[in-house]
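This report describes selected features of the model shown below.

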Amino acid sequence: MGKNCFISGISGQDGAYLAKLLLEKGNKVIGGVRRTASGSLWRLDELGIKDDVEIVNFELAELTNIFRTIEKISIDELYNLASQSFVSSSFETPLMTTDITGVGALRILESIREINSDIKFYQASSSEMFGTTKTDQQNENTNFHPRSPYAVAKLLSHWATINYRESYGIFAVSGILFNHESPLRGEEFVTRKITLSLARIKYGHQEVLELGNIDVMRDWGFAGDYVKGIWQMMQEKTPDDYVLASGVNYSIREFVEKAGTHYGFNIVWEGAGIEEKGIDKVSNKVIVSINQKFYRPADVHNLLGDSTKAREKLGWKPTISFDELVAMMAEADMKRIEKYMKLL
Ligand code: GDP
């Protein structure tokens with residue numbers, strides 16, 4: 001029988017893919033959005049499900065708003081995907097990030113505890129929490145060493161989730177997801193910034209792609225695969241925490257090179273550090289440069305996930321490889337630019 005599923009942050013990448021999956025499973029989907037974000041439901045539109053979900057105003061900073069929403073709507077499963085999710089901005093807004101990304105989850109948990117402790121709760125935790133941990137590969141038992149206000153806030157919500165499970169018996173799970181991307185990724189994240197910028201450069205709408213540290217390594221998967229894992233965690237008999245990751249990592253540099261081939265570029269690198277340039281050998285033009293402004297006060301240099309537990313207990317595994325992911329994103333941005341050009 002279908003359930004009533006509530007997604008906070010339905011306007012984001014994961015919210016949109018999860019909503020689609022939950023609808024396909026025969027559930028009713030109610031999406032919470034910030035008043036200021038409610039205009040941006042383009043992702044639901046792209047997936048063709050905008051009219052199939054109910055949208056309500058949901059403010060993570062406002063306990064009474066959360067309380068009233070959970071009291072009013074009958075909810076079986078609540079997925080907390082909302083957050084101030086951009087690591088770089090969190091250095092400029094550490095308090096707001098802690099309030100939304102950290103305390104926000106606690107407000108939902110308190111409301112569930114007070115109103116209906118049978119509501120199942122999913123917390124979107126992040127591989128950023130591992131930060132500069134010493135292990136080569138990270139799993140559920142790895143120590144955390146957060147490197148940004150965002151990661152510190154995510155640790156608050158992660159531990160609050162575990163604490164409410166242990167203290168009050170709430171079905172609360174924390175999914176520690178490594179970077180997961182898609183054509184619906186926000187333009188401020190590096191993968192989407194790369195594919196969109198290269199598409200613009202290809203068609204003469206932009207000269208150069210400016211990046212920060214391109215030697216950082218990330219474990220990237222496809223968001224569509226990861227929301228399936230989220231759903232699977234919530235269907236288990238007992239609540240637990242799981243890492244979802246591809247188990248393979250690449251540098252930003254490799255992402256740029258790979259994405260470039262989809263636009264017919266052959267990018268080679270010259271110079272070092274802040275002076276480094278990416279030159280397209282086909283046109284002999286500089287199309288990538290480094291700008292100090294995109295470096296972070298502290299960064300996470302190497303992430304590589306070990307999702308053995310999810311693979312063994314949930315039977316979860318990613319279906320899209322790195323190459324397929326880059327191709328999918330490059331293709332989508334190429335189509336978007338071509339469509340935009342037709343409108344000019
Ligand atoms: P994150 O892992 O959640 O922070 O995801 P992002 O896509 O925002 O960043 C991934 C990595 O790319 C970080 O280590 C950044 O320092 C690095 N990076 C290098 N240049 C850029 C850039 O121009 N924009 C962003 N967002 N990240 C960059």
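K313 lies in helix α10 (residues 308-314); helices (H or I, at least four residues) and strands (E, at least two) are DSSP runs, numbered from the N terminus. The model is predicted, so local features need pLDDT of at least 70 and side-chain atom pairs count only at pLDDT 80 or more, whereas totals for chains, interfaces and linings use all residues. Residues are numbered from 1 along each chain as its sequence is written, and side-chain values use heavy atoms, with hydrogens and water left out.

Once neighbours within four places in sequence are set aside, K313 is in contact with E236, D240 and Y242, contact meaning heavy atoms within 4.5 Å.

| Helix pair | Angle | Axis separation |
|---|---|---|
| α5 (residues 94-115) and α6 (residues 149-168) | about 15 degrees | 8 Å |
| α7 (residues 190-202) and α9 (residues 252-262) | about 30 degrees | 10 Å |

α7 is therefore roughly parallel to α9, and α5 and α6 are likewise roughly parallel to each other. Axes are lines fitted to C-alpha atoms, for helices over the stretch in contact, and angles run from 0 to 180 degrees between N-to-C directions. Angles under 35 degrees count as roughly parallel, over 145 as roughly antiparallel, 65 to 115 as roughly perpendicular and the rest as oblique.

In the contact of α5 with α6, the α5 residues include P94, T97, T101, L106 and R113, and those of α6 include P149, Y150, K154, A160 and Y168. By class, this contact has 12 nonpolar, 6 polar and 3 charged residues. Ala, Val, Leu, Ile, Met, Phe, Trp, Tyr, Cys and Pro count as nonpolar, Asp, Glu, Lys and Arg as charged, and the others, Gly among them, as polar.

Between α7 and α9, V190, T191, I194, T195 and L198 of α7 meet I252, F255, V256, A259 and G260 of α9. The contact comprises 7 nonpolar, 3 polar and no charged residues.

α7 also contributes to a pocket. The second largest pocket receives two or more lining residues from each of α7 and β15 (285-290). β15 gives the most, with 3 residues. The lining divides into 6 nonpolar, 4 polar and 4 charged residues.
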